Structures are given as C-alpha cells and as structure tokens.
Amino acid sequence: MPASLSEVFTAHPVHLHDNHIDFESVPEVPDSHAWPPVVDYPSEDLYDVESVPIIDLMDPNATKLVGNACETWGMFQVTNHGIPTNLLEDVETEARRLFQLPAQQKLKAARPSNGISGYGRARINSFFPKLMWSEGFTIVGSPVEHARQLWPHEYNKFCDVIEEYEKEMKNLSSRLMWIMLGSLGITKEDLSWAGLKSRPEGACAALQLNSYPPCPEPNRAMGLAAHTDSTLLTVLYQNSTTGLQVLRDGVQWVTVPPRTGTLVVNVGDLLHILSNSRFLSVLHRAVVHHTRHRLSLAYHYGPPPDIQISPLSKLLDPKHPPLYHPVTWSEYLERKAKHFNKALSTVRLCEPQN
Ligand SMILES: C=C1C[C@]23C[C@@]1(O)CC[C@H]2[C@@]12CCC[C@@](C)(C(=O)O1)[C@H]2[C@@H]3C(=O)O
Ligand SMILES: O=C(O)CCC(=O)C(=O)O
Ligand SMILES: [Fe+2]
C-alpha cells in the first residue's frame, strides 16, 4: 500500500504529454481537441436559476448555512475567509507567470507518467477520446524541485508565494472541515485521526494550478470534463473569467460566477463517505471562454493518506446503516485512477434507497 500521496500513481501511469499545441495561435479547435456536443444536462442560461450559496464565515449562522449548502449543493462560496487579498493576487500572478513560459520550458517540469506532481494535462484526460483545452501544474508539498527546473535562477518568489498559500489553505481547509462536520454534530473527539499528535503533518493536500487559454470555438472544446474530487474538500480560487459549472440536483449545469475575494468550496468524495451520504460530492466541470484566459487554483485537501475513512458512527443507527466500506485516501485515489467517476460506487455497500 502506498505510504504517501506521491506513490499512489506509480501503479497507474498515464501518458499524456504528446501532441502539444500552442493554444494561443490556433485559428480553430484542432480535431485532437474537438469534443462532440456534450448532450448531458442543459446549462442554466435556459432558465432563471438560483446560484451557489455565498456564506460569510463571520455570520453567527455560518455553521447552519454551510451544512445546508453541503446537503443541497455540495458546494458554496465563502467570504471573510481570512486569506489576505494580496496573497490571492500574488499566487495568481505566479501561476500566470508559470503558464506563460514556453512549452519546452514547462515540459522540463513535466509530471512523470507515474507521478503526482509537475506540469501536464489533467490526468482524467486518459478517460476521454479528445484532449481538454487546459494545462495544469500539480504541487504536493514543496514546489522547489520543479520550480528550479522552470526558472533555474529565479525560483524563490514562486516558492515563497506557493508555500505561504499552502500554509494558509491548510489552515482554512481544516477550519472549513470542522464547520462542515460541526453542522452534523460531529466534534473533534468523533474523528480519531484528526488530532493525531504523532503526525504533526496530519492532513495531506495537493495544490492544482489550472490554466484555460482563450478558445476560438468554446462550444467545441472542454476545459476540464465533469468530475467529482476525491478529497475531503476542495477550496478553489478562480480569476475573473467565468468557467466553473456545478451540476445542480443532477439535472442542470449552473455557472459559479467569480466574485472578487470569494473562494469556492466543494465537498469531495471522502467527506461524502464520512457523512454517510448526507453531504453531496457534486459533479463540476470547467468550460472555456472565447477571448479570455481563465486561471484557477484548486487546493485538494484530504486526510493522512493511510487512514481508514468510513461513515462516522455518530451518524449511524438502524435506520441509517453505513453506506460505504472503509477506504484510505491512497486506495481511493487508485480507484479513481482506474474507474474515474465510478470510483465511489466501487466502495458503496448497498444501493441508494430511491
Ligand atoms: C490529490 C489529487 C486529487 C486529484 C489528483 C491529485 O493527485 C491532484 C489533482 C486532483 C485532480 C484535479 C482535477 C480532477 C481530478 C479528478 C484529477 O484528475 O486531478 C482531481 C484528482 C482527484 O480528486 O481525484
Ligand atoms: O477550474 C475550475 O474551476 C475547476 C478545477 C477543478 O475542478 C479541479 O482542479 O479539481
Ligand atoms: Fe474538481
């Protein structure tokens, strides 16, 4: 069994580095990136819809509002989250600087086919016949090794900003997790691994930088295909270009409009399991824009990789039996690498009632 997140993908190599195109210079979407019209669910433009809840973390009712959003949307936006505005600006600038590098330079820090961190396409691309209109850079822990490959002489600024962002995101994610669980009546005593003193690092995370260049034919391309995250929760910063969509009630794509200073939070598959299905792990995707470049930074927050995650006993009774097998984050990421969006059903104990 893998001891760290980095080892998870050794058994599931994905080869995704061929066929690079210069997104900025092509006049039309090449066949390699041309998606047939996605006829799954309508987009909200057709209807007048409510949007993802915006929750002020300083609101005395925040816990209740967060719980409600997790049970109905599986996603919410937060204000008054405590992440300094200048840090958000700096991290956006550094991400932009990275993606602006020439392809050959970025490929020096390419994510190995059997590795977790580095530059490359979304690993979920291996499940689709067409390529996505995006590039990504995954960071687990220190970015130094890869940053040196990108900027041999001036990698310090990037590393300082990323490390500060990782530190702030880790604190915020932990705080959010306790608010989310608190809404279900769960306290620190109910989660044996959360207070493990012997493991000061405790939780584990991956920071995913995503770049979506402008696209000459946005309706024929896909930025990031519909997926759920394998995490406990994900905290997403998006720049001022729209693109993120969330599946509402399993029937309709709803855009999550960027709002300055606001962060998007979504429930991941592991929190869905812990909550015994009370919280929704929602499908979300990123579409692309005709003229505007979109950037997003997703902080994928999970438990220590080798800790068993299973429905919390406090939420179980004869009417609410456990719906999932215990699984570690490492094992779950392996399942995701093999089964993609069917990973959750591979750990399900019994079929949903309705
Ligand atoms: C820890 C991780 C979660 C993630 C895989 C990763 O190693 C880092 C990137 C994450 C991401 C982002 C895009 C969608 C996704 C399904 C993917 O392929 O890479 C998620 C992965 C996940 O949540 O399973
Ligand atoms: O770019 C976005 O808005 C979505 C990114 C995302 O879903 C992810 O990195 O998991
Ligand atoms: Fe995601």
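Here are some exercises with worked solutions on the predicted model above.

**Exercise 1. Start with the whole protein**

Task: Work out how many helices and strands the protein has, and why it counts as compact.

Solution: 
- Step 1. Count the elements: the protein has 8 helices and 12 strands.
- Step 2. Look at the box: along the principal axes, the C-alpha atoms fill roughly 60 × 50 × 40 Å.
- Step 3. Ask how much is covered: 42% of the 354 residues count as buried.

**Exercise 2. Take a strand apart**

Task: Decide whether strand S5 is enclosed or open, and name the strands that pair with it.

Solution: 
- Step 1. Tally the burial: 9 of the 9 residues of S5 are buried, so S5 is largely enclosed by the rest of the structure.
- Step 2. Check each face. One side has Cys 204, Ala 206, Gln 208, Asn 210 and Tyr 212, the other has Ala 205, Leu 207, Leu 209 and Ser 211, and all of these are buried.
- Step 3. Look for neighbors. Strand S4 (residues 135-139) runs antiparallel to S5, joined by 5 bridges, and Glu 135 has Ser 211 of S5 as its bridge partner.
- Step 4. S12 also pairs with S5 in the antiparallel sense, over 9 bridges. Here Tyr 212 has Arg 294 of S12 as its bridge partner.

**Exercise 3. Visit the two ligands**

Task: Describe the shells around ligand 1 and ligand 2, and find which elements supply them.

Solution: 
- Step 1. Around ligand 1 there are 14 residues, and the nearest are Arg 123, Ile 124, Ala 206, Asp 229 and Ser 230. By class, that shell splits into 5 nonpolar, 6 polar and 3 charged.
- Step 2. S5 and helix H7 (329-339) each supply at least two residues of the ligand 1 shell.
- Step 3. Ligand 2 is surrounded by 13 residues, with Gln 208, Leu 244, Ala 286, Ser 296 and Ala 298 the closest. S5, S7, S11 and S12 each give two or more residues to this shell.
- Step 4. S7 gives the most to the ligand 2 shell, with 3 residues. The classes there are 5 nonpolar, 7 polar and 1 charged.

**Exercise 4. Compare a helix and a loop residue**

Task: Find what covers helix H7, then work out whether Ser 277 is buried or partly exposed.

Solution: 
- Step 1. H7 is mostly covered, with 9 of its 11 residues buried. Among the buried ones are Trp 329, Tyr 332 and Leu 333.
- Step 2. The cover over the buried residues of H7 includes S5, H6, S12 and H8.
- Step 3. Now find Ser 277, in the loop between H6 and S11.
- Step 4. Being buried takes 20 or more other C-beta atoms within 10 Å. Ser 277 has 19, so it is partly exposed.
- Step 5. Not counting residues up to four places away in sequence, Ser 277 touches His 272 and Leu 323.

Terms used: Residues are numbered from 1 along each chain as its sequence is written. Chains are lettered from A and ligands numbered from 1 in the order in which they are written. This is a predicted model: local features need pLDDT of at least 70, side-chain atom pairs count only at pLDDT 80 or more; totals for chains, interfaces and linings use all residues. A residue is near a molecule or strand if its C-beta atom, placed from the backbone, lies within 6 Å of it. Helices (H or I, at least four residues) and strands (E, at least two) are DSSP runs, numbered from the N terminus. Ala, Val, Leu, Ile, Met, Phe, Trp, Tyr, Cys and Pro count as nonpolar, Asp, Glu, Lys and Arg as charged, and the others, Gly among them, as polar. The radius of gyration is taken over C-alpha atoms; the globule rule is 2.2 Å times the number of residues to the power 0.38. A residue is buried if 20 or more other C-beta atoms lie within 10 Å of its own, exposed if 12 or fewer, and partly exposed in between; C-beta atoms are placed from the backbone. Two residues are in contact if their C-beta atoms, placed from the backbone, lie within 7 Å. Two strands pair if DSSP finds at least two bridges between them.
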